[in-house]
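Dear colleague,

Please find the structure for your study below. My notes on what was found in it follow directly after.

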Amino acid sequence: MLSAVVKLCCGISYAHLRSMAGLQRTALAVIGQEITHLQRFRQIQRQTRTLPEFTCIETSPVLLKSDQQSLVQQGQEAMREALRVLEQKEGWKVETVESDGDVISSKAVAGARRVFRLEAILEAGVEELYDLLFLKVEEMHRWNPSVQQVKVLKHLGPGTIITHEVSAPTAGNLIGQRDFLSVRHSCKHDSSLYLSGTAIQLESFPPQAGFVRAEDGPTCIIIRPLGEEKRRSHLTWLLNMDVKGWLPKSIVNQALPRAQLDFTRHVRRRLTAGRTPR
């Protein structure tokens with residue numbers, strides 16, 4: 001977008017082009033749109049400048065076996081690691097700024113892999129999004145065509161679950177169909193919600209025939225109320241994924257941010273459909 005602005009500005013600087021009113025109007029329109037995008041991006045930067053340090057405390061503690069407790073700790077540690085990445089101010093590169101205000105940035109991490117940070121504003125409260133993204137995660141395939149199935153294999157207390165997810169064989173998917181075995185952890189702090197996830201291995205649930213098992217995490221979604229507006233939320237999503245297989249990094253680095261934008265589009269459609277009178 002910035003390159004287009006530069007070209008248009010250079011064009012109207014020539015005397016023989018200054019009389020072309022259409023070009024001038026186009027340039028002004030593009031510049032105005034770019035300024036709006038930059039203002040939205042700066043607003044998001046201010047909102048995500050600081051992240052809290054905290055320890056999740058289960059509201060209803062339950063007795064767990066040692067191996068189950070270890071899984072809960074993996075989920076909690078995944079959240080702490082993801083938050084540490086989000087707190088780092090250096091190294092982030094803006095990948096795209098969408099017309100609806102969604103912003104995706106990326107950062108190189110250990111192993112030369114890139115992680116992607118999505119910032120978006122959603123027309124829903126924190127509790128509604130918690131219900132949609134965590135409590136009813138098994139229903140995700142109903143509104144997200146990128147997902148074929150999410151199955152909760154085990155509940156480990158009120159805030160931690162073990163899930164098996166299978167991506168859908170959608171047309172145009174550069175990465176291809178994958179399955180994931182993950183521990184997902186949720187935590188509420190003040191008025192915000194934190195959802196984390198990371199890949200795990202279980203002898204009782206080995207990789208499934210016909211799928212490449214990808215590894216997700218540590219990843220994190222942060223949902224915060226937007227000021228005093230209870231029906232709007234600010235969402236931050238750190239996507240950190242090793243898709244496995246023999247895929248060029250260039251293809252992976254194109255597909256992952258696109259998957260984030262597709263996800264927010266499906267979430268918005270689901271929220272709108274849920275409020276439409278039947």
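Leaving out residues up to four places away in sequence, Arg270 touches Leu132 and Trp143, where contact means heavy atoms within 4.5 Å. Arg270 is found in helix α7; helices (H or I, at least four residues) and strands (E, at least two) are DSSP runs, numbered from the N terminus. At 31% relative accessibility, Arg270 counts as partly exposed, a class that lies between buried (under 20% relative accessible area) and exposed (over 50%), with a 1.4 Å probe and protein chains only. The C-alpha atoms of Arg270 and Asn144 are 8.5 Å apart in space, although 126 residues separate the two in sequence.

Please note that this is a predicted model: local features need pLDDT of at least 70, side-chain atom pairs count only at pLDDT 80 or more, and totals for chains, interfaces and linings use all residues. Residues are numbered from 1 along each chain as its sequence is written, and side-chain values use heavy atoms, with hydrogens and water left out.

Helix α7 has 27 residues and should span 39 Å at 1.5 Å a residue, which agrees with the 40 Å between its end C-alpha atoms; the expected span is 1.5 Å times one less than the number of residues. Among the buried residues of α7 are Leu256, Phe263 and Val267.

The largest nonpolar core has 37 residues, of which Ile223, Leu256 and Val267 touch the most other members. Such a core is a set of buried Ala, Val, Leu, Ile, Met, Phe, Trp, Tyr and Cys residues joined through side-chain atoms within 4.5 Å. Its largest share, seven residues, comes from α7. Apart from neighbours within four places in sequence, Val267 is in contact with Leu122, Leu129, Leu132 and Trp143. A second, separate core of 12 residues includes Ala82, Leu83, Val85 and Leu238.

Three aromatic pairs were found in the whole structure. Rings of Phe, Tyr and Trp (its six-membered ring) pair if their centres lie within 6.5 Å; planes under 30 degrees apart count as stacked, over 60 as edge-to-face and the rest as tilted. Trp143 and Phe263 form a tilted pair, 5.9 Å centre to centre with 55 degrees between the planes. Trp143 lies in helix α6 and Phe263 in helix α7, so this pair ties together parts that are 120 residues apart in sequence. Ring pairs also link Trp143, Trp237 and Phe263 into a cluster.

Yours sincerely
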